[in-house]
Amino acid sequence: MRKIVILLVAALCLAGCNKSEMKDVLTLGGKPKIVVLPDANAGKGFFDVITNVEYKTEVVKGADWLSITGSDEVVVTFDYYANNGFARESRIVLSCRERSDTISIRQAGLYEPFVELSQTSINIPCEGASGVVDVRSNVPCACLEVISASPQIRSAVLENNLLKYEVRPTTKKDTKKYTIAVRFVNDWGEATEETLTLVQEPLK
């Protein structure tokens, strides 16, 4: 009888040790870690999870178009609003102590962004010049970037849908080309842009 009791206590201790040593699991059930919503309309979505722990869900700040509606050990459900603008993306973070995983939620937009310049190529004299090009876009001016990598371009700024540029005098004996890009980049890094090419005459 004493031997049986000792064996039972040992078995219970071993079971308790194995339970305490069980590793926490919290991961997404599918790859790639992204949910692409079907269109720009409002709706409901979900994604699978694999976990053996209680966890919390959090929508990344600024994504007021997403809201978590439920979560358990196999699935997370969410609602999303209609998108009356451009395509967008946000993330939902799952976390428990030191474990975490993140999934991206991407939604198409009602409109496709475009950027157009009134001129795409301009000749610049060797002594340099400044000028203005009209910019037409359905993207707010504040959301557009101006990219000019050449030090020969003294300035390139966008103000009130006008691209203003200034090119320095050249010391080169051959024709040089410089570019200025007006660009809109969406939430996941895809760019819509138009480029102005400045062709500067050589020093005479």
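User: Among contacts between residues at least 6 apart in sequence, what share join residues at least 24 apart?

Analyst: A contact means heavy atoms within 4.5 Å. In this protein, 64% of those contacts join residues at least 24 apart. Please keep in mind that this is a predicted model, where local features need pLDDT of at least 70, side-chain atom pairs count only at pLDDT 80 or more, and totals for chains, interfaces and linings use all residues. Residues are numbered from 1 along each chain as its sequence is written, and side-chain values use heavy atoms, leaving out hydrogens and water.

User: Which residues have the most contacts inside the largest nonpolar core?

Analyst: A nonpolar core is a set of buried Ala, Val, Leu, Ile, Met, Phe, Trp, Tyr and Cys residues joined through side-chain atoms within 4.5 Å. Buried means under 20% relative accessible area, exposed over 50%, and partly exposed in between (1.4 Å probe, protein chains only). In this structure the largest such core has 21 residues, and Y165, L196 and L198 have the most contacts inside it. Its largest share, four residues, comes from β15. Apart from this core lies another, of 20 residues, including L26 and I103.

User: How many disulfides are there?

Analyst: A disulfide is a pair of cysteine sulfur atoms within 2.5 Å. The structure holds zero. For C143, the nearest cysteine sulfur is that of C141, 9.1 Å away. C143 is partly exposed at 41%, whereas C126 is buried at 12% relative accessibility.

Methods: Helices (H or I, at least four residues) and strands (E, at least two) are DSSP runs, numbered from the N terminus.
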